[in-house]
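This briefing is about how parts of one protein chain pack together. Please look at the model below before reading the points.

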Amino acid sequence: MIPYQQMFCILDYRIVSHFTEACIGLGVFDYLAADPLPLSELVKRTGTHQRALYRCLRGLAHFGLFVMESDFTVSLTDVSRHLTLESEFSLRSWQEFCQLAQSAQHQQRRDLWEQLLRTGKSIYQLGRDRLFYDYLREHQELAAAFDKGMESMSRIEVRDILQGFDFSASEHLTEIAGGNGMLIAGVLRQYQDVQGQLFDFPDVVNRIEPIPRLKTVGVDIHRVLPNIPGDAMIKRILHSYSDEQAHNILNHVSNSMGSGNKLYIFELIEDHLTNNPYIGIKNLQMLLVHGAPGGSGGPGERTLAEFASLLTRAGFELLETQRLPSIDAVVALRR
Ligand SMILES: C[S@@+](CC[C@H](N)C(=O)[O-])C[C@H]1O[C@@H](n2cnc3c(N)ncnc32)[C@H](O)[C@@H]1O
């Protein structure tokens, strides 16, 4: 992890504690104390939503709490054994004391997190009866703050992308769901001959100050998209959507692009399902904010095999991947 990622983790470490507490409340550690269990059995015993529990355990695995085999067998580790009642050095009484000492508000929040794991619904659906982006649209001050927050997260990624990639061969570049345009604006500043286009929700593009050579278009990326002349890029979008939704978005992108053009996906590649707290926290954040819709993977970070499968199904050929200090890149060709 680079220092930026370390700081990001420190700011959001509570998410790890809250999901761990929710797992204690649902009996996850107790059911696994004797033996590893298939995920489906653990789901049955805990009364949880399979995809939500899977994404939660996949996130917590990065903190050494679980091991998930490729056949979806889940086991505890030397770290998480300290949360079982049987352990000679169990920390459960300490955890119980901490709960008792906390406020009723904390208890309510814990109930909500357990409900998330039982239902697969996001914290926004459970607490505010809205999907995250719908809630933002109805609260424009919060939406503007979100744009700025994303911009603060993007700055280091944009620097790394501009250092790691040469876009001079692209005559036209479209950024899909580009927020307030930090990435595409950076590319246009560096490459004076490139023309740009940015898609995002209408209210988001309405908040963008004009940027030279950039056309902004209000769209819903779940629906048919306007023409995408030349290459395209999409940063930190697919991880907030399930495989079904991500496939739908990539299909629309593919249908709007001409063959032989490139799609740059900037996201984290989750190659190993353990020991990367930054990826662990991102996984848990996506689960918290977007829930776990759909019958297959996501939302959350994906392995290269998961990206490859999505791309192939949408008519792209995987060309290369690149590790940048703050983000990874998957480059694909529209067939
Ligand atoms: C996590 S932010 C990322 C913004 C930018 N790509 C970045 O990396 O800084 C997600 C962006 O996707 C946009 N978005 C999400 N779902 C969308 C949809 N269905 N249609 C259009 N835009 C969408 C949001 O408005 C937001 O600007």
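In this predicted model, helix H5 meets helix H14 through Ala52, Arg55, Cys56, Arg58, Gly59 and Leu60 on the H5 side and Gly280, Asn283, Leu284 and Leu287 on the H14 side. The residues of this contact divide into 5 nonpolar, 3 polar and 2 charged.

**How H5 and H14 are arranged**

- The axes of H5 (residues 50–61) and H14 come within 7 Å and cross at roughly 155 degrees.
- Angles over 145 degrees count as roughly antiparallel, and H5 and H14 are therefore roughly antiparallel to each other.
- The crossing of H5 past H14 is left-handed.

**How H1 and H14 are arranged**

- Helix H14 (residues 277–290) also has a crossing with helix H1 (residues 3–11), where the axes come within 9 Å at an angle of roughly 45 degrees.
- That angle makes H1 oblique to H14.
- H1 passes H14 in a left-handed crossing.
- On the H1 side, the contact is made by Tyr4, Gln5, Phe8 and Cys9, while H14 contributes Pro277, Tyr278, Ile281, Lys282 and Gln285.
- Sorted by type, the residues of the contact between H1 and H14 are 6 nonpolar, 2 polar and 1 charged.

- Which residues of helix H11 (residues 182–190) are buried? They are Leu183, Ile184, Ala185, Gly186, Val187 and Leu188.

**Glutamine 95**

- Glutamine 95 lies in helix H6, which covers residues 92–101.
- Is glutamine 95 buried or exposed? Its relative accessibility is 10%, and buried means under 20%, so glutamine 95 counts as buried.
- Leaving aside neighbours within four places in sequence, glutamine 95 is in contact with Glu21 and Ile24.

**The chain as a whole**

- The chain has 15 helices and 10 strands.
- Its C-alpha trace spans about 65 × 40 × 35 Å along the principal axes.
- A compact globule of 335 residues would have a radius of gyration near 20 Å, and the value of 21 Å for the chain agrees with that.
- Of the 335 residues in the chain, 54% are buried.
- Among contacts with a separation of 6 or more, 67% are between residues 24 or more positions apart.

Terms used:
Residues are numbered from 1 along each chain as its sequence is written. This is a predicted model: local features need pLDDT of at least 70, side-chain atom pairs count only at pLDDT 80 or more; totals for chains, interfaces and linings use all residues. Side-chain values use heavy atoms; hydrogens and water are left out. Axes are lines fitted to C-alpha atoms, for helices over the stretch in contact, and angles run from 0 to 180 degrees between N-to-C directions. Helices (H or I, at least four residues) and strands (E, at least two) are DSSP runs, numbered from the N terminus. Angles under 35 degrees count as roughly parallel, over 145 as roughly antiparallel, 65 to 115 as roughly perpendicular and the rest as oblique. A crossing is left-handed if the near helix is turned anticlockwise from the far one by less than a right angle, and right-handed if clockwise. Contact means heavy atoms within 4.5 Å. Ala, Val, Leu, Ile, Met, Phe, Trp, Tyr, Cys and Pro count as nonpolar, Asp, Glu, Lys and Arg as charged, and the others, Gly among them, as polar. Buried means under 20% relative accessible area, exposed over 50%, partly exposed in between (1.4 Å probe, protein chains only). The radius of gyration is taken over C-alpha atoms; the globule rule is 2.2 Å times the number of residues to the power 0.38.
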